[in-house]
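Please look over the sequence and the structure shown below. The report that follows goes through them part by part.

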Amino acid sequence: SSESGLDSRVIFSSDSHASDYPTVMATREMGRLLSERTEGRLGIKVFQGGQLGSERDTMEIMTMGGIDMGRINIAPFNAIAPLSIVPVLPFLFKDVAHSRRVFDGAPGRKVLDSFEQYGIKGLVYYDCGSRNFYGSRGPIKTPDDLAGMKLRVQNSDVSVAMIDALGADATPMYIGEVYQSLVQGVIDGGENNWPTYFTERHHEVAPYFTRSQHVMTPDMMVMSLHRWNSLSEDDQVILMECAEASVLYMRELWDAKVLASQEAALAAGVQVNDVDDITQFSDLMRPIWDRFATSNDQKQLIEEIEAMRDVET
Amino acid sequence: MELAILIGVLLILMALGVPVAFALLGSAIATFIALDFPLQVVFHRMAAGMSLFTLMAIPFFIFAGDLMYRAGIADRLVRVADACFGRSRGGLGQVTVGASMMFGAVSGSAIASASAMGSALGPLMKEQGYDGDYAVNVTSTAAIVGLLIPPSHNMIVYAASAGKGVSVGDLFLAGIVPGVLTGILLMVVAWLVAVKRGYPKGKFPGWEQFTRAFVWAIPGLMTAIIIMGGILSGMFTPTESSAIAVIYTIAIGLFVYRSLDLKTFLECAQQSVRVTAMIMMIVAAASAFGYAVAILEAPTHLANMITSLTSHPIGVLLIVNLLLLILGTFMDMSPLIVITTPIFLPLVMAAGVDPTHFGIIMMINLGIGLVTPPVGAVLFVGSAVGKVPIEKTIKTIWPFYLALVIALLFITFVPALSMTLPNMLG
Amino acid sequence: MITLARKFTKQASEALIVVGTFGLLLMTAIIGWQVFGRYVLGASPNWSEQAAVTLMIWYISFAAAAGVREGFHIRIQAIESFVSVKMVFALRRFSEFVVGAIGLCMAVYGVKLCIATWHFDIPSLGFSRGMGFLAIPISGALIAIFSIVRLLEATFSNEVSEEEKA
Ligand code: NA
Ligand code: NA
């Protein structure tokens, strides 16, 4: 509504990452484009570093319209929107290219649109690559190599179930404690993306990295419906275009970051390997998919995503 | 504009005597209306603000502190202090400071310390011819030492307000040396004043009495070891250690000192619930207020104002200390921590101050505020327990203020006092 | 009528403190159990943290409402030593009015908060965020009622209430 001044006020956006993180830089780029294309009528102010609260907090606040926009991982949405569980399922995507086809395509849109009944307009995915296993004992090539390993996971039911199904011992732990726990042998490994693996220095104490690409939990740019609806239709179109443009920018930064940390880790002596046969792992995941994706909508979404495995766009 | 509403409404409501928690909520509500944010967010922030795991240590430490007093742990510590410091001229002054340091090491609350020491030592001092104002001055200012010596629920409030990167364990370690330093300075002042007023000397009760007093106090002093040892070894989180302190104190009161009965216990629990509600309601309201502060980038604006005056670290620290001292005269400690930490911390960090060090500066600075009128909870408790009107005590309290301000300056400008222990052990 | 309301609200606030005491003791037991579970049973319960944290919203909100009736909330009284008795009376009523209005706000928007989060799961607990937040509107309604009663009893009764004598 124009009388409230919402349509002209700068858009407040939150992010728990630091100022130089690709998602934060991409949000700033999105703001630059937006302000350029609306001749300064609209802009984005980024509150990075978690100034406005944890991701769960900002998500809940956003459903009520208490913050305009934000970069939030898909995991917190699991507690509110059932469809959001599907992209979190392990061994669902063949590779990063597959995941990007899905996020940019109809299945990705479907998940974003499912947030609308909770007061959130899903804009775009800032996908953050794949998570991979790493450990201190030796290369992980088959599920047998994981047997009995104590593996650190994020504190989520899906992650714990995945590790248990693979025969390892899931240990949920705060990321800051992982390095020391690897040193002391409290855990034997973990799973993460290249940049976190390297910046947290886990490569120093767990130098065997397996390109398992087992989970591709994406970040998302979402907006409060309250604020979205206050924009004119023209402005909504412009904002969406700017968001999409920022995705390309974000991916460039992200891919460069992955490459840089990968090279640095290799230079530091990390040994990388592929798994022998991915189906040995993914076959063990069926019970988990069935346990967490119970509704027909969720099952259908899985089928749609699987159908895009080999489709080149 | 919204920033003016935020600050204006807060100051007006507080000045007119609206309870601080509601003044904070009122200000947040007014600002949210101006920003066209839905008001349920105010209460979402409020509920989230009172339901943090780390903040659970606040009710536990308050409860434990009150239990320690009623279970007789305070009395036993006084006997130890008496055996250690009672011999000098005006010895009971030293005894008070020493006992406060020991009680501070087991209790997380300065108010519990002031009331425990006041009740245990006040009558004794009167008996031996000490003036009432002296007794209140010593017990109130010595209680501030307990804010610095771990555990300290205000350090937990600070860690929660400072956000990521400030650990309660580090803060606890950082407070030890400054706490002892402040205690020593207060002992010197207590001695000087006692000599000037010609107070009597105590006499040493003999080694046997000393040993007996010490042995009896061991179960109480163990609390300190359980809390600090538990946190430092990684056995417990600070929150868990505070709950363990409660359970341990109940056990001592029931089975060792046999001083707790069900009635006292329930009274104590009820009183702790009241104090907890008082503090946590402010913390919760400040969380809603803090959301508005963050959205409006108030810290940046204030930082720009201060750095336009000076950007030299010493200048920044002096200005921040001065502002906190002024605010501390008319506001209580916990609300000030939650309101001002997000504002001042980025500023002093930009000037190169470690956030753990700044936490200790805040403890002593706002601790001074607890013993200054017009709003000084510890001074009020001290003079209520000592049955001396505040007007009378504040006429003679200034040497003790001086000791605290000297301690503040040392703590502010010698970071090593705070940072050596956490750097070594943290 | 006012005497009745006063009696009722006094009992209500005492009951709230009792409920709050129960909450504090239960919270102590839960965290004690968490530590016991970790070191003695070899596994800490996964519900204890969320349960204790949610419990805290409930008992603090209730005790805070009792605090409005009992008048124990921290406030700055400095101005009262500089103004007339009449003015002090007016300031106290203004404060009660503001607290009551905020209580009403808490009740109304607290309900909206609960509705908005009613279907959001709390991980590892069997109930939703909205149910956890329910203490906010209940406490808000109580705060509003307590403030109105205090306002009325001060305005319409000649005797000075106990809190004001203190
Ligand atoms: Na202490
Ligand atoms: Na003061």
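## Strands of chain A

Two strands pair if DSSP finds at least two bridges between them. Helices (H or I, at least four residues) and strands (E, at least two) are DSSP runs, numbered from the N terminus. This is a predicted model, in which local features need pLDDT of at least 70, side-chain atom pairs count only at pLDDT 80 or more, and totals for chains, interfaces and linings use all residues. Residues are numbered from 1 along each chain as its sequence is written, chains are lettered from A and ligands numbered from 1 in the order in which they are written, and side-chain values use heavy atoms, with hydrogens and water left out.

In chain A, strand E9 (residues 208-215) pairs with strand E11 (residues 271-273) in the parallel sense, over three bridges. Strand E5 (residues 131-135) of chain A runs antiparallel to E9(A), and four bridges join them. Tyr208(A) takes part in both pairings: Tyr208(A) is the bridge partner of Gly135(A), and Gln271(A) in E11(A) is the bridge partner of Tyr208(A).

Strand E4 (residues 120-126) of chain A is joined by six bridges to strand E10 (residues 219-224) of chain A, and the two run antiparallel. In this pair, Tyr125(A) stands opposite Met220(A). Seven of the seven residues of E4(A) are buried, so the strand is largely enclosed by the rest of the structure. Buried means under 20% relative accessible area, exposed over 50%, and partly exposed in between (1.4 Å probe, protein chains only). In a regular strand the side chains alternate between the two faces of the sheet.

## A helix and a loop of chain A

Helix H2 (residues 55-64) of chain A is largely enclosed by the rest of the structure, because nine of its ten residues are buried. The buried residues include Glu55(A), Asp57(A), Glu60(A) and Met64(A). Gly65(A) follows H2(A) and has a positive phi, near 90°.

Is Asn155(A) buried or exposed? Asn155(A) is exposed, because its relative accessible area is 71%. Asn155(A) sits in the loop between strand E6 (150-153) and helix H6 (157-165) of chain A. Along the chain Asn155(A) and Pro172(A) are 17 residues apart, while their C-alpha atoms are separated by 5.0 Å.

## The sodium site in chain B

Which residues coordinate the sodium ion (ligand 1)? They are Gly104(B), Ser107(B), Gly146(B), Ile149(B) and Pro151(B), each through O, at 2.2 to 2.5 Å. Donors are N, O and S atoms within 2.8 Å of the metal (3.2 Å for Na, K and Ca); water is not among the atoms, so sites may look incomplete.

Along the chain, the donors follow the spacing G-x2-S-x38-G-x2-I-x1-P. Gly146(B) and Ile149(B) are both buried.

## Nonpolar cores

A nonpolar core is a set of buried Ala, Val, Leu, Ile, Met, Phe, Trp, Tyr and Cys residues joined through side-chain atoms within 4.5 Å. The largest one has 263 residues, and Phe22(B), Tyr158(B) and Phe358(B) touch the most other members. Helix H14 (residues 262-295) of chain B gives the largest share of this core, 20 residues. A second, separate core has 42 residues, among them Leu42(A), Ile44(A), Ala206(A) and Val270(A).

Leaving aside neighbours within four places in sequence, Phe22(B) is in contact with residues including Leu13(B), Met281(B), Val68(C) and Ile143(C). Contact means heavy atoms within 4.5 Å.

## Where the chains meet

Between chain B and chain C, the contact takes 52 residues from chain B and 48 residues from chain C. The area buried there is about 4700 Å², and carbon and sulfur atoms give 82% of it. Buried area is the accessible area (1.4 Å probe) that two parts lose on being put together, summed over both. On the chain B side, Phe22(B), Phe43(B) and Val273(B) lose the most area to chain C, together 13% of what that side buries. One salt bridge is counted between chain B and chain C. Arg274(B) and Glu70(C) meet in a salt bridge through their side chains (2.7 Å, N to O). A salt bridge is a side-chain nitrogen of Lys or Arg within 4 Å of a carboxyl oxygen of Asp or Glu.

Between chain A and chain B, 19 residues of chain A are in contact with 14 residues of chain B. These chains bury about 1400 Å² between them, with 59% of it on carbon and sulfur atoms. The count of salt bridges between chain A and chain B is two. Asp57(A) forms a salt bridge with Arg45(B), where the closest N and O atoms are 3.2 Å apart.
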